[in-house]
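This report describes selected features of one protein structure, shown here with its sequence.

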Amino acid sequence: MASEAVRALAGEPLDHRFKGLPPDAEAAGLTAGDLAAQRRDLFTGGFTTPVLTLDAEALEHNLAALGAYCARHGLAFAPHGKTCMAPQLFARQLDHGAWGITVAMPHQARVCRAFGIRRIFLANELVDAPALAWVARELLADPEFRFVCYVDSVRGVELMEQALAGLGATVDVVLELGAGAEGRTGIRTEAECRAVADAVAAAATLRLVGVAGYEATMPGADAGTVRDWLDRLVGLAAELDEEGRFAGTGLDEIVVSAGGSEWFDAVAEVFARIPKLSLPVLPLLRSGAYVSHDHGWYSGLTPFNRIPQEGGLLPAFRLWTQVVSRPTPGQAFVNAGKRDIAYDLGLPEVISVRGARDGVERPASGIRVAKLSDQHAWLETDADATALEVGDWVALGMAHPCTIFEKWPMIPVVGPDGTVGDLVRTFF
């Protein structure tokens, strides 16, 4: 359910801060809600290029697909909010059954709290003293607020204890099990896990509530190595429980958490085998990129490619650009570059062309993005390519939702008839 703060986003004035929106909206004093209510046509309603859009139907399809998948497999879901940093989408994820929202950094947690999120899973070890003091204040001010974060070292526990001493709050933590010897963060061995668990038990301000990690950082991860690691994670939870690590702490559930957007099928399979523990288990999945999906990266990695009978995702983003130069028959330039385009996981794909003369959208063929400048994409065109001339609108599909969202503070949501019925605000 959307908070009052989320609903209030409709009242934000539209001005120069927001790329691609109609300039006359500012002149008329329109708010985001006003513009959405007008249901303007994306192509004829005054929007300027480049403009990033979200497909309304694809967005709803993706939200429903993961919500239904988690429900079928008995998974709690805390989608990773760092993907979109869009409170309106957080609210819709919660409406589709999410337990809470995952974040990676204190700023992201603060955004969540500003928009009424009651459950936050911070998938990182938090050792920043001012940030921990803020967490303590939030916990004390709102008894319904649930906050969980990683610990992955005895030193980290010491720093957390120092920062929280005397503040009157207890912070829930999970041991982060590293995904292999060469993974990213996380504790490497079970023996080290026990040393960190001992340190948590000795800390007056921390409470151990479970185990977690992120499988996709494992070098050379495949179905076998990911399942082996997930089995280790589940086994660690069972061993800690057998040792009485969760007893007498006031817990009502043990958290076992993993899962990005690449291996949630393996997470569902292994978490279904979690043995009966002394307390109920919260099997928490944290996928984030699914919300918009993409062209060219997660489109190739999504588990739904392996289990199509379980559903599928649709790429929701299109970056609409305009041809501003056609200097040679084999070359064209559109007015979007590195400042507007996500390119860390590959160059964008040319999806379609909308003719400036006739307003007809055609599939793009024989047109490729060759490279990017700051404000231009360099297109190569074959002799038999889709017709392309100065003024035409060109839709690009991009990879990596995290770096797509972060470049656009306000994103029009476009319906099947081309009308803009909503605007999504991001906070990076």
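How far is the sulfur of Cys 149 from the closest cysteine sulfur?

## Cysteines

The closest cysteine sulfur to that of Cys 149 is in Cys 112, 14 Å away, which is too far for a bond; a disulfide is a pair of cysteine sulfur atoms within 2.5 Å. For Cys 193, the closest cysteine sulfur is that of Cys 149, at 15 Å, again too far for a bond. Zero disulfides are found in the whole structure. Cys 149 has a relative accessible area of 0% and is buried, and Cys 193, also at 0%, counts as buried. Buried means under 20% relative accessible area, with a 1.4 Å probe and protein chains only.

## Basis of the model

The model is predicted: local features need pLDDT of at least 70 and side-chain atom pairs count only at pLDDT 80 or more, whereas totals for chains, interfaces and linings use all residues. Residues are numbered from 1 along each chain as its sequence is written, and side-chain values use heavy atoms, leaving out hydrogens and water.

## Nonpolar cores

A nonpolar core is a set of buried Ala, Val, Leu, Ile, Met, Phe, Trp, Tyr and Cys residues joined through side-chain atoms within 4.5 Å. The largest one has 128 residues, and Phe 121, Phe 147, Val 171, Leu 175 and Phe 271 have the most contacts inside it. Another core, of 18 residues, lies apart from it and includes Leu 14, Ala 32, Leu 35 and Leu 42.

Beyond four places in sequence, Val 171 touches residues including Phe 147, Cys 149 and Met 160; contact means heavy atoms within 4.5 Å.

Note on methods: Buried < 20%, exposed > 50% of the residue type's maximum accessible area, 1.4 Å probe, protein only.
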